[in-house]
Amino acid sequence: MFPTDPISNLATLIRCPSVTPAEGGALGALEAMLSPLGFKVERMVAQETGTPDIENLYARLGTQGPHLMFAGHTDVVPVGDEAAWSHGPFSAEIADGEMYGRGAVDMKGGIACFVAAVARHIEKHGPPNGSISFLITGDEEGPAINGTVKLLESAAAKGERWDASLVGEPTNPDALGDMIKIGRRGSLSGRITVHGVQGHAAYPHLADNPVRGMVQLVQALMHLPFDEGTENFQPSNLEVTTIDVGNAAVNVIPAKASAAFNIRFNDSWTVESLMAEIVSRLDKAAKDDRLRPGRAPVSYEIVWNERPSHVFLTRNDALIDSLSGAVESVTGRRPKLSTTGGTSDARFIKDFCPVVEFGLVGQTMHMVDERVAVADLETLTDIYETFIARWFGHAVA
């Protein structure tokens, strides 16, 4: 039988304990759903020194264009306190019209619905006039090193080309039809270390307190806005996420202090221009002696985290209009086109083809008692099925 029931599909996937980096049987279950539909399924284990091996899946139906890719992940975050769950985190129990389980909305639910949508389309119309593929990783919730990036590169090296992609992340804040993500802000992180001279708190003239210097530097990063936002993006925002001195003694001035920060930035910036702005702010603040009168400029160093995420915006009318129209025809609501939120694997896919994101309501993702309304699974399947027909109709026309 074809996997046309999203509820059954999701229950099967939830019952696979695929906490990153474990495959947990989820990709095997997905392969069992896709093979009867005619998909050619490939499983790939990606490796990199210092990171866990990750199993991924790529499946394609059809050999010709146009080619639509559905992308997502079967890995999930840890369950937390299992005793705090109302129902087992891998039980897929249904209570009061909701299915409980880790990954119910983030994002096994989206995968379950798209599989059902493709199966229904094939039952009604046969295979699409083109190709559909599933690009599914087991590393989205982890380091994101051995997942989507390597799966895309491997498939592209074998000649795969895509015309558009839909990522099934939970994009809706309150109800299905709220929001489609058409881009994402960039993300840049770093760590600042200020060097001082250790000494006795009663004799500060014999020491150089790095905390004073660090206060000046982090204030310079947070005090003035980086921008006021742009037409498609909210203002860039920098947060200092930790300040550490590693000092347990209250009467000792520490030798150094460090601070980590993350900035989510809009299309006013590139990674390179943003780095230059941050260094300029730090250099200026280092010369400010209000907290360190008579001292030389603050001695600091900055180390940037590897793999920053670049800002992007999708401008593909066929993809956006097909999805927006499908959402509105099923729900009666015109979705907001948004670039809010954090990062997703769409940041990698955008280098290969236009990409948008649309999935379930995300209110319970990563929480104890993560759950999805059963009715929403049917509605999302209808949206995806309508989108498939609209997109191929537009692409072939």
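## The largest pocket

Let's start with α4, the element that gives the most to the lining of the largest pocket, with 4 residues. Helices here are DSSP runs of H or I with at least four residues, strands are runs of E with at least two, and both are numbered from the N terminus. This is a predicted model, in which local features need pLDDT of at least 70 and side-chain atom pairs count only at pLDDT 80 or more, while totals for chains, interfaces and linings use all residues. Residues are numbered from 1 along each chain as its sequence is written, and side-chain values use heavy atoms, with hydrogens and water left out.

The pocket has a volume of about 520 Å³. A pocket is found on a 1 Å grid over the protein atoms alone, as an open set of points where a 1.4 Å probe fits, with protein on both sides within 12 Å along at least five of seven lines; lining residues have an atom within 4 Å of a point. Grid points are joined across faces, edges and corners, and the volume is the space filled by probe spheres set on the points. In this pocket, 24 residues form the lining, and Ala144, Arg307, Ser309, Arg347 and Phe348 lie nearest its centre. By type, the lining splits into 8 nonpolar, 6 polar and 10 charged residues.

## Around α4

Now for the buried side of α4, where buried means under 20% relative accessible area, exposed over 50%, and partly exposed in between (1.4 Å probe, protein chains only). Thr148, Lys150, Leu151, Leu152, Ala155 and Ala156 are the buried residues of this helix. They pack against β1 (40–46), β2, β3, β6 and α8, with contact meaning heavy atoms within 4.5 Å. After α4 comes Gly159, whose phi is positive, near 100 degrees.

Ala144 sits in the loop between β6 (131–137) and α4 (148–157). Its phi is near 60 degrees, a positive value in a residue other than glycine. Ala144 is also buried, at 9% relative accessible area.

## Strands and sheets

If you pick out β3, you'll find that 7 of its 7 residues are buried. His67, Met69, Ala71 and His73 point one way, while Leu68, Phe70 and Gly72 point the other. β3 runs parallel to β6, joined by 7 bridges, and strands count as paired if DSSP finds at least two bridges between them.

Elsewhere, 3 strands make an open, antiparallel sheet in the order β4-β5-β19. β4 (94–95) and β19 are the edges, each with a single partner strand, so one side of each has no neighbour in the sheet. Between β4 and β5 there are 2 bridges, with Ile94 opposite Met99.

## Nonpolar cores

A nonpolar core is a set of buried Ala, Val, Leu, Ile, Met, Phe, Trp, Tyr and Cys residues joined through side-chain atoms within 4.5 Å. The largest one has 58 residues, and Leu34, Phe39, Phe114, Phe134 and Phe358 have the most contacts inside it. Its largest share, 9 residues, comes from α3. Apart from it lies another core of 26 residues, including Phe233 and Leu274.

Phe114 touches Leu68, Phe70, Ile132, Phe134, Leu166, Tyr384 and Ile388, leaving out residues up to four places away in sequence.

Two peptide bonds are listed here as cis. One joins Gly65 and Pro66, with omega about 0 degrees, and Pro66 lies in the loop between β2 (54–61) and β3 (67–73). The other runs from Asp106 to Met107, with omega near -15 degrees; Met107 is in the loop between β5 (98–100) and α3 (108–125).

Glu385, in helix α9 (residues 374–396), counts as buried at 11% relative accessibility. Glu385 touches Ala117, Arg120, His121 and Lys124, not counting residues up to four places away in sequence.

Definitions and conventions
Nonpolar A, V, L, I, M, F, W, Y, C, P; charged D, E, K, R; others polar.
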